[in-house]
Amino acid sequence: MSEAIRVVVDAMGGDNAPGELVKGAVDSLQGHDNIHIILTGKKAAIEQELAKMNAPKGRIEIVDCSEVIETAEPAVNAIRTKKDSSLVVGLQMVKKGEADAIVSAGNSGAVLVGGQAIVGRIKGIERPALAPVIPTEKGFSLLIDCGANVDARASHLVQFAQMGSIYMEQVLGVKNPRVGIVNIGAEEEKGNALVKETFPLLKSCPGINFIGSVEARDIPAGVCDVIVCEAFVGNVILKLYEGVGGTLIHMVKGSLMKNLKTKIGAALIQSSLKETLKAFDGSQYGGAPLLGLKGLVVKTHGSSKAREVSTSIHQCEQFKQQNINEIITNNLM
C-alpha cells in the first residue's frame with residue numbers, strides 16, 4: 001500500500017453543499033485504501049448526509065466549524081474574520097501539516113486568498129497559479145493561470161510554464177509537454193507588452209518544450225499541452241470554453257430530437273455520441289490545483305457534484321505520490 005494521504009474536503013463550500021461534497025468524499029474511498037478524509041463544516045449537517053451513505057468507518061472524520069464563507073462574500077475580509085469557517089479551518093490544517101491537501105468548491109476568491117495567505121508559497125515561487133484541465137480534440141490541455149494573477153509579470157508566466165510542465169508530466173502522464181503562450185497571432189513579434197517580454201524568456205528557458213504562440217481558436221484542437229497566460233485572459237478562455245461546450249451539447253441534443261427521422265438516427269449513434277460528448281464533461285478532470293503553494297489546494301467548480309469532488313480527491317493522491325511540490329522546489333530554486 002502506498003503512503004496514506006489526508007485530504008480535507010470543505011463540506012460547506014459550493015452550490016451543492018454539503019450533500020454532493022460528502023457523497024464525493026465517500027465515493028473517493030472506493031478502491032483507494034490509502035485515502036483518509038477530513039470533512040470540515042457544520043457537524044450536524046455532515047452527519048445527516050453521512051447517515052444516508054455506506055461510509056467506511058475509521059476513514060472519515062469530521063471537524064466541526066461554526067462558520068461558512070458564502071459565495072458572494074468579499075474574499076479578503078472573509079478569510080480575515082471567519083476563522084472558524086470550514087475553508088479557513090481546512091487551510092490551517094494543511095498549513096500545520098495535519099492534512100496533505102484541501103478540496104473546496106466554495107468562494108473562489110477566498111480559496112485563492114486563503115491559499116496564499118494561510119498555506120503560503122513555496123520558497124522561490126513569485127506567484128501561485130490556478131491550473132484547470134480543459135478538453136481538446138487530442139485529449140486535454142492544462143490552462144495556467146486562469147484566476148490567481150490578473151496583473152502578472154513575464155517572470156511569473158515563465159514560472160507558470162515550468163510548474164505546468166511538471167504537473168502535466170508527473171501527474172497527468174504527458175511526456176515532454178508542449179508549452180504555448182496565448183497570443184493574437186503566431187508571429188513572434190505579435191502580442192501585447194507582456195507577451196512580447198515573455199516570449200524570448202520562454203524560448204530560452206531550459207527544460208521547457210516551448211512551441212511558441214498559440215491562438216485561442218487553436219486551443220480546442222490541442223496544439224499544445226500547457227497553455228500559458230495571465231489570469232484575466234485565462235479566465236475568459238475558460239468561461240467561454242465552458243459556455244460554448246454547454247451550448248453545443250444542448251444544440252446537438254435538440255437537433256437529434258426534432259422528428260422521428262432524427263430520433264432514429266440518434267438511437268443508431270447513441271453510444272458513439274455519448275463517448276464524444278463525454279469529453280466535454282468537466283467532472284472527469286477534477287478541480288484546478290493552485291500550483292506553487294507549500295501544500296495542495298484544489299478548487300472545484302461551485303456547481304460541483306460528487307463525481308468531480310471524488311476525482312479532485314484522487315488528484316490530490318497523485319500529487320502527493322509524485323512529490324510535485326518537491327520537484328517544483330528543486331527545479332525552480
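The model is predicted.

Start with the charged pairs. The structure holds 10 salt bridges. Three of them are followed here, one by one.

Take Arg178 and Asp225. Their side chains form a salt bridge, with the closest N and O atoms 3.1 Å apart. How covered are the two partners? Arg178 is partly exposed, at a relative accessible area of 23%. Asp225 is buried, at 10%. Buried means under 20% here, so a value of 10% puts Asp225 in that class.

Next, look at Lys52 and Glu49. Their side chains meet in a salt bridge of 3.4 Å, taken from N to O. Lys52 has a relative accessibility of 62% and therefore counts as exposed. Glu49 has 14% and therefore counts as buried.

Arg217 is exposed, with a relative accessible area of 66%. Glu215 counts as buried, at 18% relative accessibility. The cut-off for exposed is over 50%, so Arg217 falls in the exposed class at 66%.

Now turn to the helices. Two packed helices are described by the angle between their axes and the distance between the axes. Find helix H6, residues 154-170, and helix H12, residues 324-332. Their axes come within 10 Å and cross at roughly 140 degrees. That angle makes H6 oblique to H12. Why oblique and not roughly antiparallel? Roughly antiparallel requires an angle over 145 degrees, and the crossing here is at roughly 140 degrees. What is the handedness of the crossing? H6 passes H12 in a right-handed crossing.

Leu240, Val244, Leu248 and Met251 make a nonpolar surface patch of about 390 Å². Val244 lies in helix H8, which spans residues 231-256. Its relative accessible area is 42%, so Val244 is partly exposed. Patch residues need over 30% relative accessible area, so Val244 passes that cut-off at 42%.

Key
Residues are numbered from 1 along each chain as its sequence is written. This is a predicted model: local features need pLDDT of at least 70, side-chain atom pairs count only at pLDDT 80 or more; totals for chains, interfaces and linings use all residues. Side-chain values use heavy atoms; hydrogens and water are left out. Patches are made of residues with over 30% relative accessible area and no salt bridge: like charges are joined within 9 Å, nonpolar side chains (Val, Leu, Ile, Met, Phe, Trp, Tyr) within 5 Å. Accessible areas come from the Shrake-Rupley method with a 1.4 Å probe; for residues, only the protein chains shown count as cover. A salt bridge is a side-chain nitrogen of Lys or Arg within 4 Å of a carboxyl oxygen of Asp or Glu. Helices (H or I, at least four residues) and strands (E, at least two) are DSSP runs, numbered from the N terminus. Buried means under 20% relative accessible area, exposed over 50%, partly exposed in between (1.4 Å probe, protein chains only). Axes are lines fitted to C-alpha atoms, for helices over the stretch in contact, and angles run from 0 to 180 degrees between N-to-C directions. Angles under 35 degrees count as roughly parallel, over 145 as roughly antiparallel, 65 to 115 as roughly perpendicular and the rest as oblique. A crossing is left-handed if the near helix is turned anticlockwise from the far one by less than a right angle, and right-handed if clockwise.
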